[in-house]
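This briefing is intended to be read beside the sequence and the 3D structure. Please have both in view before turning to the points below.

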Amino acid sequence: MPKTAPAAISNEKAWLKILSKYRQPHAARSSFELAVTIIPFIGFWVLSWIAVHYSFWPGLILIVPAAGFLLRLFMIQHDCGHGSFFARRRIDDWTGRIIGILTLTPYDYWRRAHAEHHASAGNLDERGVGDIATLTIAEYQALSFRGRLVYRLYRNPVVMFGIGPIWLFLFKQRLPFGMMRSGLQPWVSTMATNAAVAIIAALLMWAVGVVPFLMVHLPIVVLAGAAGIWLFYVQHQFEETHWSEPPEWQFPHAALHGASNYDLPRPLMWLTANIGIHHVHHLASRVPYYRLPEVLRDHPELRNVGRITIMESLRCVKLVLWDEKTRRLVSFRDAAAVPAQA
């Protein structure tokens with residue numbers, strides 16, 4: 001395999017110092033961002049319930065923007081997990097925990113798994129925590145027929161973006177899978193979140209009715225979850241992403257080149273809290289999301305690093321296996337042309 005040039009690594013390390021200048025959040029701006037996200041979410045949720053209550057079925061289209069603002073709330077929770085939203089750990093943590101009740105995501109459990117993802121993204125020796133499961137061609141070829149079938153089903157878009165959000169947000173995150181024996185904190189986080197979700201859901205069912213609550217809230221959660229999984233997918237599953245093994249694997253290079261720059265229209269960038277500027281985020285996760293555009297403005301040389309458009313991102317769905325020879329993600333069809341390794 002070709003090795004990463006030392007000069008390139010040195011240059012990428014220099015970015016760590018450059019980006020540290022953008023780490024300081026502004027408390028007033030953070031508070032404003034939280035307000036303009038949670039208030040519209042509540043408003044659209046209530047309007048969706050009113051549509052159900054009065055049988056005005058076209059009004060259920062309001063579930064879509066409600067899901068969009070729930071997704072944005074998750075992105076704020078995400079920044080809180082990195083300690084970058086208010087940059088005061090106690091405030092960030094409690095903001096994240098409260099939002100986690102709305103997003104059905106146990107904050108402390110998720111924060112720990114996500115930290116592992118950031119520390120090992122692009123490392124072939126440390127896959128599996130907080131990642132979309134990705135096999136190399138050789139690993140896939142070594143599987144049994146049943147193993148290949150399971151992997152193909154997992155990678156099927158219907159499963160990934162349809163069943164996946166339902167499984168993840170409604171079921172999987174109710175227990176600290178992957179951390180069942182990692183101490184008390186993951187259990188406290190998941191059980192406390194479950195209890196809070198149950199109490200709030202019960203109160204809302206009492207107030208608006210069981211069926212109306214389910215008709216409004218479940219689609220919002222599933223739509224927001226599907227959008228969130230899609231974003232996470234295209235941020236790392238693109239053709240020229242970076243995967244390698246130590247000692248070649250180096251954090252700055254893997255962060256900058258293993259995450260995409262998802263070039264979305266401005267309204268979608270705002271709604272997704274600039275998470276598309278993912279290469280910069282992975283390189284400097286303490287930069288608040290609302291300062292990420294400043295980085296691209298001041299350093300335009302970062303604009304084309306890992307850049308993918310919406311149309312290009314749609315083609316990423318077929319990229320399912322890592323080819324260690326060409327160092328690219330490839331499709332099952334492309335992998336079929338590769339001779340099986342002994």
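How many salt bridges does a search of the whole structure find? The search finds 13 salt bridges, a salt bridge being a side-chain nitrogen of Lys or Arg within 4 Å of a carboxyl oxygen of Asp or Glu. The model is predicted, so local features need pLDDT of at least 70 and side-chain atom pairs count only at pLDDT 80 or more, whereas totals for chains, interfaces and linings use all residues. Residues are numbered from 1 along each chain as its sequence is written, and side-chain values use heavy atoms, with hydrogens and water left out. Helices (H or I, at least four residues) and strands (E, at least two) are DSSP runs numbered from the N terminus.

**Salt bridge within a helix**

- Glu 33 forms a salt bridge with Arg 29, and their closest N and O atoms are 2.8 Å apart.
- Both Glu 33 and Arg 29 belong to helix H2 (residues 27-53), where they are four residues apart, about one turn of the helix.

- H3 and H4 pack at an angle of about 150°, with their axes 8 Å apart; axes are lines fitted to C-alpha atoms, for helices over the stretch in contact, and angles run from 0 to 180 degrees between N-to-C directions.
- H3 is therefore roughly antiparallel to H4 (angles under 35 degrees count as roughly parallel, over 145 as roughly antiparallel, 65 to 115 as roughly perpendicular and the rest as oblique).
- H3 and H4 cross in the left-handed sense, that is, with the near helix turned anticlockwise from the far one by less than a right angle; clockwise would be right-handed.
- Residues of H3 including Leu 70, Leu 73 and Phe 74 meet residues of H4, among them Ile 99 and Leu 102, contact meaning heavy atoms within 4.5 Å.
- The residues of the contact of H3 with H4 divide into seven nonpolar, six polar and three charged (Ala, Val, Leu, Ile, Met, Phe, Trp, Tyr, Cys and Pro count as nonpolar, Asp, Glu, Lys and Arg as charged, and the others, Gly among them, as polar).
- The axes of helix H4 (residues 89-103) and helix H5 (residues 107-120) come within 9 Å and cross at roughly 110°, so H4 and H5 are roughly perpendicular to each other.
- Arg 89, Asp 92, Asp 93, Gly 96 and Arg 97 of H4 make this contact with Tyr 107, Asp 108 and Arg 111 of H5.
- One nonpolar, one polar and six charged residues make up the contact of H4 with H5.

**Helices H8 and H10**

- Helix H8 (residues 157-171) packs on helix H10 (residues 210-236) at about 115°, the axes being 8 Å apart, and H8 is therefore roughly perpendicular to H10.
- The crossing of H8 with H10 is right-handed.
- Among the contact residues are Met 160, Phe 161 and Phe 169 of H8 and Leu 218, Val 221 and Trp 230 of H10.
- This contact has 14 nonpolar, two polar and no charged residues.

**Sheet**

- Three strands form an open sheet with mixed pairing, in the order E1-E4-E5; two strands pair if DSSP finds at least two bridges between them.
- E1 pairs with strand E4 (residues 321-323) in the parallel sense over two bridges, and Leu 321 in E4 is the bridge partner of Leu 135.

**Backbone features**

- Pro 246 and Pro 247 are joined by a cis peptide bond, with omega about 5°.
- Ala 87, in the loop between helix H3 (63-81) and H4, has a positive phi near 60°.
- Most residues other than glycine have a negative phi, and most peptide bonds are trans.
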